[in-house]
Amino acid sequence: MDRLTVESGRDLLGLARPQRFPVGTVLISQGDLRNHVLLLRSHDPARSACVKITAASRSGQQGLLGIRVSGDVVGELAALRGTPRMATVTTCTDTVVHTITQRDFLDFLNSRADGWETLCRMIADRLDWANRRRLDFAGYEVPIRLARVLLELAEQYGRAVAGGYELGVRLSQTELGALIGAREDTISSALRQLRAQGLVTTAYRAVTITDFERLQVLADEF
């Protein structure tokens, strides 16, 4: 909710006391009937908070639907529609969370025009992300899909570091594969290709883009 005015942002934070949760905490479970909303913050000013949004199909397969970071709201659809949770939310970093009741959240939105506008823009951004991933699945091979999602993650969450751009979020190869619909062995092969071309470097749960312009060319050439 970073698009809120300073006053509205302060009032939203004031709706619930902050709580800190360690890595690996399940904040929301798929199928849960509760309808509170979570506002994410980081306890470390130098690093963003990060949570992953996952869902299981009827066959038991897990999919990574997206990631959320400091300033994001999660759980808003259940609060707006009064429906069970569609996904599970798990912390990827130590995360500070404001747990806001459905009633307080709706009252906040109804009392501030910038609240509804900000929420609608946030939902539209997430829909755009999902639509781009669906188009990528249909139109591109795995290395191109990977290049495209790495660029988007860097543009949205990344930061400049010595030697390139960190993604700003820590994801395993399995989780990167889930974002673009690829198996772990396929995503490993795609990362090796990008490393061999000098476009990225990798470490444990970390990717750094070392040549942003050439990676952009690769992502756009098909």
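Let me begin with D32, which counts as buried because its relative accessibility is 18%, where buried means under 20% relative accessible area, exposed over 50% and partly exposed in between, with a 1.4 Å probe and protein chains only. The model is predicted, so that local features need pLDDT of at least 70 and side-chain atom pairs count only at pLDDT 80 or more, while totals for chains, interfaces and linings use all residues. Residues are numbered from 1 along each chain as its sequence is written, and side-chain values use heavy atoms, leaving out hydrogens and water.

D32 forms a salt bridge with R34, with 2.9 Å between the closest N and O atoms. The term denotes a side-chain nitrogen of Lys or Arg within 4 Å of a carboxyl oxygen of Asp or Glu. The whole structure holds 14 salt bridges.

Another of these pairs E152 with R133, at 3.3 Å from N to O. This pair links distant parts of the chain, 19 residues apart: E152 lies in helix α5 (residues 142-157) and R133 in helix α4 (residues 113-139). Helices here are DSSP runs of H or I with at least four residues, and strands are E runs of at least two, numbered from the N terminus. Both E152 and R133 are buried.

I turn now to D185 and R183, whose side chains also meet in a salt bridge, 3.3 Å from N to O. D185 is partly exposed, at 48% relative accessibility, whereas R183, at 58%, is exposed.
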